[in-house]
Amino acid sequence: MVTFGTAVDTGKCRMNKLLGLNLMLALLTGILPAMAQDGLARPNPVFKQVVEGMPRGAEQEVRVMTASFKPGDKTVFHTHRSPVTVYILEGAFTLELDGKPPVVVKAGEAFVEPPNVRMTGHNRSATEPLKLVIFYVSDPETPFLDLISAN
């Protein structure tokens, strides 16, 4: 079974756009301190991509979630209304995006799931768990995903 958890309770918490995007960038780039010779922490860039489909309202809601997949687990068939960034902590995540070949994202790698594309994700391993962090910026109170039939 796939389990999701929130890293921060965002139900009533609103961050301004700049703070929210800076938080997402800091988490995505692994800003957990890697001490430089001068004693200052430096970010370790992991991933960078220009995306379309970000919300444009006066406020956005930033969500940071975790997900754990047991061997063989998969997500429901779904779409997202805004881009979703996934960062793999452990294992390998196979994404099947409508009209494209499957993409395998491994531990230490990130991927942006485009908005309004039908997709599902799998832990194809028979023995290894999969753990990932999900970053989602949307208009406030937007559902994280929209279910669609597999047909």
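pLDDT is the predictor's confidence in each residue, on a scale from 0 to 100. The views below show a predicted model.

**Figure 1. Overview of the predicted chain and its confidence.** Across the chain the mean pLDDT is 84, and 74% of the residues reach 70 or more. The chain holds one helix and 12 strands. Read from the N terminus, these elements follow the order β-α-β-β-β-β-β-β-β-β-β-β-β. Of the 151 residues in the chain, 36% are buried. The chain exposes about 9100 Å², and carbon and sulfur atoms supply 58% of that area. Among contacts with a separation of 6 or more, 78% are made by residues 24 or more positions apart.

Figure 2. One stretch covers residues 6-21, for which the model has 20 contacts beyond four places in sequence. Another covers residues 31-35, with seven contacts beyond four places in sequence. Where pLDDT is low, the predicted coordinates should not be read in detail.

**Figure 3. The aromatic pair of Phe69 and Phe93.** The model contains two aromatic pairs. Phe69 and Phe93 are both buried.

**Figure 4. The aromatic pair of Tyr136 and Phe144.** How far apart are the ring centres of Tyr136 and Phe144, and what is the angle between the planes? The centres lie 5.2 Å apart and the planes are at 85°, which makes the pair edge-to-face. Tyr136 has a relative accessibility of 0% and therefore counts as buried. Phe144 has a relative accessible area of 17%; the cut-off for buried is under 20%, so Phe144 is buried too.

**Figure 5. The hairpin of strand 7 and strand 8.** Strand 7 runs antiparallel to strand 8 (residues 103-106), and four bridges join them. Ala92 stands opposite Lys106, a residue of strand 8. Five residues lie between the two strands of this hairpin, where Gly99 takes a positive phi near 80°. In a regular strand the side chains alternate between the two faces of the sheet.

Figure 6. Thr79 is part of strand 5 (residues 78-79). Is Thr79 buried or exposed? Thr79 is buried, because its relative accessible area is 12%. With neighbours within four places in sequence left aside, Thr79 is in contact with Asn116, Val117 and Arg118, and also with Phe144, Leu145, Asp146 and Ile148. Phe144, one of these contacts, is also the ring partner of Tyr136.

**Figure 7. The salt bridge of Arg42 and Asp38.** A search of the whole structure finds five salt bridges. One of them joins Arg42 to Asp38, with the closest N and O atoms 2.8 Å apart. Arg42 has a relative accessible area of 39% and so counts as partly exposed. Asp38, at 46%, is likewise partly exposed.

**Figure 8. The salt bridge of Arg63 and Glu61.** Here the side chains of Arg63 and Glu61 meet, with a distance of 3.0 Å from N to O. Which side of the cut-off do these residues fall on, buried or exposed? Arg63 is buried, because its relative accessible area is 12%. Glu61 is buried as well, with a relative accessibility of 5%.

**Figure 9. The salt bridge of Asp98 and Arg118.** The closest N and O atoms of Asp98 and Arg118 are 3.3 Å apart. Where in the chain do Asp98 and Arg118 lie? Asp98 is in the loop between strand 7 and strand 8, whereas Arg118 is in the loop between strand 9 (110-113) and strand 10 (119-122). The pair links distant parts of the chain, with 20 residues separating the two. Asp98 is partly exposed, with a relative accessible area of 45%. Arg118 is partly exposed too, with a relative accessible area of 27%. Arg118 is also among the contacts of Thr79.

Key: Residues numbered from 1 in each chain as written. Heavy atoms only, no water. Phe/Tyr/Trp six-rings, centres within 6.5 Å; stacked < 30°, edge-to-face > 60°. Buried < 20%, exposed > 50% of the residue type's maximum accessible area, 1.4 Å probe, protein only. Pairing = 2+ DSSP bridges. Contact = heavy atoms within 4.5 Å. Salt bridge = Lys/Arg side-chain N within 4 Å of Asp/Glu carboxyl O. Areas by Shrake-Rupley, 256 points an atom, 1.4 Å probe, with all protein chains shown as cover.
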